[in-house]
Structure formats: structure tokens, C-alpha cells
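Please view the model first.

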Amino acid sequence: MIPFLDLKKINEPYEADFQLKLKSVLNGGWYILGKEVQLFEESFARYCNANYCIGVGNGFDALVLIFKGYIQLGKLEKGDEVIVPANTYIASILAILQADLIPVLVEPKLETYNLDPELIVEKITSKTKAILVVHLYGQLAEMVMINEIAEKNNLIIVEDSAQSHGAISNLKSKINTQQSSAAYSFYPGKNLGALGDGGAIVTDDSELAKILYSLRNYGSKAKYYNDYIGVNSRLDELQAAFLNLKLPNLDSDNNKRRAIAKRYITEIKNDKMSLPFWDFSNNHVFHLFVIRTPKRAVLQEYLVQNNIQTMIHYPIPPHKQKAFSAWNDLSFPITEKIHNEVLSLPISPILTESEVGFIIEILNQY
């Protein structure tokens, strides 16, 4: 069986260095917000061409804390509306709600699965104060147009970059825009994955960064002195140590993903499935390679019978979830089509040329 994602194999090359880092952290005797976290924050900020990186417990907390930081700055107020893609993973929407803000769902483009800028404009009201842009599956949204809309309407942009580590727009900036803050996840399956939960916020906003350093640590910048009602969400020292080992290889790993994606796009020839749109630039890091087919269950079973494991990201759209029962009668036809048809193929830096060739061959025979 070709696994969808083999995390053990991905992490095997680092095993000896992981053991050394573990010993170093253990012997150092400083386990919370130590030198490994500081080193990672400096390195990841530099990697993202940003001024600040704040390590937090996970990608979800990163989003929530960005919104709460803007509330502390007076740039957002509880009850403000935040535009968000209707087809995103539920965490994006939950983060808005956790900050006591109101999510406003907007359809994506079927071509890219990312926010449709033209539909954003239709949803802007006097209560709209922010746009949560999700770079879904690893492909950057249309940030030039979205930035223009935000500037024209005085809206804050927050980027959910949980799946887009290292994606570069034609502006050559890995954070994509100077007027936003980006949330990253280091969940083990991400392009830059830890061996547990982890996250970070990247920003050029010095005022926001100052607040975030406190908010993640009980609202305190000096021990036992609390300026804000904060939380306990700090990037773990050991996970930061592991990430410090893996960060230097992120670009090369992303290039391997792009090479596999290019083969899929150019060599799969089967009109029973729709392949993802990509302009072959570095704006996509292919956290996932997602195809669409109306008979998804049939194709997925066919692939299992041929020893190829796939996954569905995601089977149920947020507005159809039981948790959001008040939204269950809403209609988002593009979103529903996406969630009913998507199927993710194996794509990772450790996938071999022969495995890729086999997957292509089996799909072409379907």
C-alpha cells in the first residue's frame, strides 16, 4: 500500500539529530520559552521576510490570538464581522467565534478553492471589519485583489497560512502582504511539521507583536504582572528544537512536492476527474494535491484495491456541521460541490518517482 502520508518515514532522517536535541533540551534544564523557541522565532520570522514571529501552542490558537490582539489594540470589537471562505476547514471559523467575532461565509472560486475576491465585495457591510484569507491546500489566494478590497474598505487582513508554509507570491514575500498577520500550524502532517502540536504568528506590526507575546503567556510580559486577560499557549521548547532542525529543508521539501504535482498535472489524462489549477509558480506548496470527481467513493475504493491510500479534505462543509445547526439550511453550491467531490492523492517529499508513476498509471486506467 502506498500510504497517503508516512510521517515515520518523513522524520527518519532526523532521528539522530532529534535525539541530540532532546538530550540538549533535557540537560539545559529550561523547558518553557527557552533558547530553542527564541531561535525558531528569529529563524522563522527571517524565513517569512517578517519582523516578528510569536510561537504559540498550535495553529488554531495562532488565529484566535491574532483576533484578540486586534481587539486589545481597538482595531476590532466583539461582534464585528469577519469574512471567511465557506469551504475552509472548520478551525478557521471556530477561531473567529472564539474571539467573539461573527463569521460571514463567502464562496470560493471552484478553480482555486480560495476566496473569490468579487464575492467578498458583495458581503461587506458596515459591520465588516476583517477578512480571514485561507490559503487552502497550500495555494496562495489572490492577495493583490484582496489587499485592494481591504484597503478600499478599511478592513484588516488575517491570513490562515496553516497549509502554505513557504508559498511565495509574485511580490516575492512569504508573508504575502505588509498589512496582514499570518497564522501557521506545525501539526505533524504540515509541510513544516513538529512531532506534536505547535503554531506561530508572523507579523510586521510591532504593536500587535508586543501584545501577542503577552497574550500567549497569561497576558503577562513580566512574571506575576498581568496586563491582559491572556491564555497559556506557548510553543513547546522541544517542538521548537525539532522545528529548528527541519526548517532549513523546507524549501527543498516544497520543491519536491511541486515536482510531484507537476507530474500529476501533466501526466494524468482522465476526463473522469478534475485536476487542480496551478500556474507553475511558487505560489503553491501543495500541502495537499486535491482532485475532484462526482463518483468519489467509487474512485477511492478503486485506488484502495490498487494499493493507493487517499484521504478526503473535507467531507462535510462547515455550514452543514451539527455544531452550526443554525446554518444548516444555507446554500453554498460551490462549497457543497467541492466537499462532495474532493479526493486528496499522496504527495510528500518521500514519495518515490516509481510510486508517483504507479499512481498516475492507475488513475489513467480508471
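Strand 1 (residues 52-56) and strand 7 run antiparallel and are joined by five bridges; strands count as paired if DSSP finds at least two bridges between them. This is a predicted model, in which local features need pLDDT of at least 70, side-chain atom pairs count only at pLDDT 80 or more, and totals for chains, interfaces and linings use all residues. Residues are numbered from 1 along each chain as its sequence is written, and side-chain values use heavy atoms, with hydrogens and water left out.

**Strand pairing**
- Strands (E, at least two residues) and helices (H or I, at least four) are DSSP runs, numbered from the N terminus.
- In strand 7, A200 stands opposite G55.
- Strand 6 (residues 180-185) also pairs with strand 7, antiparallel and over five bridges.
- Y184 stands opposite A200 in strand 7.

**Burial of strand 7**
- Five of the five residues of strand 7 (residues 199-203) are buried, so the strand is largely enclosed by the rest of the structure; buried means under 20% relative accessible area (1.4 Å probe, protein chains only).
- G199, I201 and T203 cover one side and A200 and V202 the other, all of them buried.

**Helix 10 and helix 13**
- Helix 10 (residues 250-267) packs with helix 13 (residues 353-365) at an angle of about 25°, their axes 10 Å apart; axes are lines fitted to C-alpha atoms over the stretch in contact, and angles run from 0 to 180 degrees between N-to-C directions.
- That makes helix 10 roughly parallel (angles under 35 degrees) to helix 13.
- Contact (heavy atoms within 4.5 Å) involves I260, R263, Y264 and E267 of helix 10, and E353, V356, G357, I359, I360 and N364 of helix 13.

Terms used:
Parallel < 35°, antiparallel > 145°, perpendicular 65-115°, else oblique. Buried < 20%, exposed > 50% of the residue type's maximum accessible area, 1.4 Å probe, protein only.
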